[in-house]
Each structure stands twice: as structure tokens, then as C-alpha cells.
Amino acid sequence: MATPLPWREKISYGLADMGFNFYWANIATFLMMFYTDVYGISAAAAASMMFVIKIINAFTDPLIGAVADRTSTRFGKFRPYLVWMALPLAGAGVLTYTTPDLGADGKLAWAYGTYLLMMVCYTCINIPYNALSGVMSAEPQERSAINGLRFIFAFAGSMLVTAATPAMVAFLGAGEGTDATRRGWQLTMLAWGVLASLLFAATFFNTRERIAPPPRQQTRVRDDLRDLAGNRPWMVLFFLALIIMVSITLRTTTAAYYFKYVVARPELLASFLPAYMAAAAAGAALTPVMTRFVDKKTLMMVLMSLTALMSAAFFFVGPEQITAMYALQIALGLVLGPKSPLAFSMYADTADYNEWRNGRRATAMTFAAATFSQKLGTALAVAVIGAVFTQLGYVPNAAQSSGSQAGIVWLMSIIPAVFALLAVAVMFFYNLDSGKLRRIQADLSARKAQR
């Protein structure tokens, strides 16, 4: 049995994910509406742009993973990226939310360039951070604890962003009108970037890497990719992440439109999404407890079944039933909260499986290819939203047609529910249970003892 990690290290690891969500929550919740309602890009153009950038950026994930796996410094393979890339990411975030007056084509070109820059910088720091959780401890239950605590901070960061960002934009914009709003967004992202950089530094200074690849391991990137393609549990998680991300992104991105155009109370967004995040943090905190009694595969299937049921129930909630909206949103948070720490601990398990099966370890590549699927899922969700809005005649900052309103409701309920059910089906093919993981860990420990 491995020595439990000190709480200081677990907490420090989690702090960085709060910093990541200062960016991710803004992107998922506000960026689409920022482009359509603030910067003046059409819904179709903004959705197409975000889809294309997500696809391009998804293909940088394996590249960054391969580079990180082959990085060697006295601080480790993955930790240095937390300080190397913090300030470039902050700068890219500010540029993304900067709105120069360039005309229609110029605005779109600026959006393409700055959003791509931000996402590449995000990848360069996030992929090594994800891999770090796989080399801090070899104990599967300890990994569940690390990731459970990590996502408490992640959801707390998202809750803070969704609650505070609209007020920060208004305060930092210091005035009325479009120019003040645009200035407010720029300064708000500067503030989030500075705070995130401080959290990344705290993680760098207070964590350690303990698991290394087999001595003298020399592999080519194509060997890493071949290993992943033949890693059945990882392939299952690849498609699982893609599908779940579609379901979550559809609801998160649509929420701003739902409260503005269906409920006609946009101010509620500042408490609706944080309510979800608070519930998700509570759910994440329970993950290590649940995995002590329920196999990870079974638990994931139960969670996504409940997600499908509650997402579908949202379809029957009327725009005046505010209490029912919040009750379902909080219930969804409790159910989806354990999903993220559970999935990331399972990714680390598949890295162990790969080493056990092939004698090679590529931790960062394992996590990078996982985030590749998540970004594809996000891109697909944005494409679905853009297609629905375009088809139904969405007009920004105007009363919506009944068809447009109906489309927004479907994007908040039935469509995400269908994707959640697909996630349940995919998990039937996952073949790493608790007993097999114990055998893998025992075999890997025996191999290391013989070196």
C-alpha cells in the first residue's frame, strides 16, 4: 500500500484546476454570447469559428502530450509547464476578449487568431497538469481522492466565475454602452488571468512527481498512439468523454440564452450556474467515498442514467417555474459532480494498464488524447447550437420567435439527455474492474522490485 499523499499536496494540486476554470467557465458560459451580443459576430459565424478552432486545437493535444512525456528537468516532466505557460495564457485570454473595430471580416479573423492562441496556450499548461495526477501516486483509491479534491476546486472556480463575471464586467467597464461593456470584458479577463497564474505557481511549488516511465524507455510518438489505439479501456473513455462533453456543453452554453430569451430574467444566470457548480463540488467530494463501495464502471453508468433522466425532465419545466429549474439544476450538479474525478482517475488507470500490457508508459499522451476527445465534444456541441440557432432564425438582442425559443428549450433538455444515454451505452464496453486493477498494480510493483 502506497503512503497516502499529504493533504497540503492534494490541496495544492486542486488549486490549479480552480485557475483553469477561470478560463474554461468563461469560455463555456459566456464566450459564444460575447461574440454574438458584444463583438457583433453572427451566431453562425461564431459557432463555425469555435468549431474549427476546437478541431484544430484538439489535434494539438497529442502533440503537447508527446512533448511533455519527453520533457526532462530537475522539477520533473509536467510541473514546469505550470510556470512556463501561465503568463502567455493570461495574455492570450485578454486578447480573446479584446474587441478592435476591424469590420466584419476583420473581426472574424481576429476572433479566429486570438481564440486559437488562447486554446493552444491553455493546452500547453493543461495537458501536463492532467498528467501530473497520474504520477503523484500509484494507488487507484488515492488517485480518486486527488481528483475528487481537484474537482471541488474546479467547480468552485466555475461557480466563482459564473457568479462574479457579469458584475466584474459592469464594474470594470465603469460606464454605460457598448464601449464600457467591451472594456469591462477585457479587464475582467486580465483579472482572472492574474489570479489563475498565482494558483498555477502554488501547484508547482507544492506538488511532486513520483512515478517515472520504465528506465531507458525510448519510444516514438507513433508507438504511443499505437498503444492507445490498442488500449480498449482508454478507447471507451475517449468516446465517453466526447459524448459527455457534448451533453454538458449544450446545457452550459445554452443557459445564457435560455434565461435571456425564454425566461426573460437574464439576471438569474448569476445564481443558476453557481448553484449547479456548488452541487457539483459536493458531488465531487463524495467520489472517493462512493468508489470505496461501488466499482467505477457501475458508478459511471448510474450517474449518466440519472443525468439523462433529469435533463429530459427539464423539458417539462415552464419559464415561470423558477424553483423547479433550480431544483433540477442542483440535482444535476450532484449527479454530474463525481463524473469528472471518476473519469480522470480512470485515465490514470488506463496508463497503468498500458504499461502493464506493453511495457511502456506515456502518461501525458494518455491524458492529452482524452482531452482531445473532450474538445471534439465541445466543438460538436457548439456546432449543434449554431445549427439550431441558424435554422430557427435566432436574432441577437431581440425577441425570439416561438421556434427559436423551442430550440433553446430542446438544447437545455432533450438533446443533452440523448447524449447522456449514449454515454451509458458506451460504458458497457469498459473492462477494467477493481479486481483487475489490483492485479495490474501488483504486477507493476513486482516488475519494479526486480529492476
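Here is a short talk about helix packing and cavities.

Guide: This is a predicted model, where local features need pLDDT of at least 70, side-chain atom pairs count only at pLDDT 80 or more, and totals for chains, interfaces and linings use all residues. Residues are numbered from 1 along each chain as its sequence is written, and side-chain values use heavy atoms, with hydrogens and water left out.

Visitor: What makes a stretch a helix here?

Guide: Helices are DSSP runs of H or I with at least four residues, numbered from the N terminus. Helix α1 covers residues 7–38 and helix α9 covers residues 232–262.

Visitor: Why is α1 called oblique to α9?

Guide: Their axes cross at roughly 55° and come within 6 Å. Axes are lines fitted to C-alpha atoms, for helices over the stretch in contact, and angles run from 0 to 180 degrees between N-to-C directions. Under 35 degrees counts as roughly parallel, over 145 as roughly antiparallel, 65 to 115 as roughly perpendicular, and the rest as oblique. So α1 is oblique to α9.

Visitor: Which hand does the crossing of α1 and α9 have?

Guide: That crossing is right-handed. The word applies if the near helix is turned clockwise from the far one by less than a right angle; anticlockwise gives left-handed.

Visitor: Which residues make the contact?

Guide: From α1 come A28, T29, M32, M33, T36 and D37. From α9 come T252, T253, A256, Y257, K260 and Y261. Contact means heavy atoms within 4.5 Å.

Visitor: What classes do the residues of the contact of α1 with α9 divide into?

Guide: Six are nonpolar, four polar and two charged. Ala, Val, Leu, Ile, Met, Phe, Trp, Tyr, Cys and Pro count as nonpolar; Asp, Glu, Lys and Arg count as charged; the others, Gly among them, count as polar.

Visitor: Why are α2 and α5 called roughly parallel?

Guide: Helix α2 (residues 43–69) and α5 pack at an angle of about 30°, with axes 9 Å apart. They are therefore roughly parallel to each other. α2 passes α5 in a right-handed crossing. Their contact has 18 nonpolar, five polar and two charged residues.

Visitor: At what angle do α1 and α2 pack?

Guide: The angle is about 145°, and the axes are 8 Å apart. α1 passes α2 in a right-handed crossing. W24, L31, M32, Y35 and T36 of α1 meet A43, A46, A47, M49, M50 and K54 of α2. By class, that contact has nine nonpolar residues, one polar and one charged.

Visitor: What makes a space a cavity?

Guide: On a 1 Å grid over the protein atoms alone, a cavity is a set of points where a 1.4 Å probe fits but cannot get out. The whole structure has six cavities of 30 Å³ or more.

Visitor: How much space lies in the largest cavity?

Guide: About 540 Å³. Grid points are joined across faces, edges and corners, and a volume is the space filled by probe spheres set on the points.

Visitor: How many residues line the largest cavity?

Guide: The lining has 28 residues, and N21, W24, F151, M245 and S340 lie nearest the centre. Lining residues have an atom within 4 Å of a point. α1 gives the largest share, six residues. The lining divides into 14 nonpolar, ten polar and four charged residues.

Visitor: Which helix gives the most to the lining of the second largest cavity?

Guide: α9 does, with four residues. This cavity holds about 100 Å³ of space. Its lining residues include S247, I248, R251 and T252.

Definitions and conventions. Helix = DSSP H or I, 4+ residues; strand = E, 2+ residues; numbered from the N terminus. 1 Å grid on protein atoms, 1.4 Å probe; cavity = no way out; pocket = protein on both sides within 12 Å on 5 of 7 lines; lining within 4 Å.
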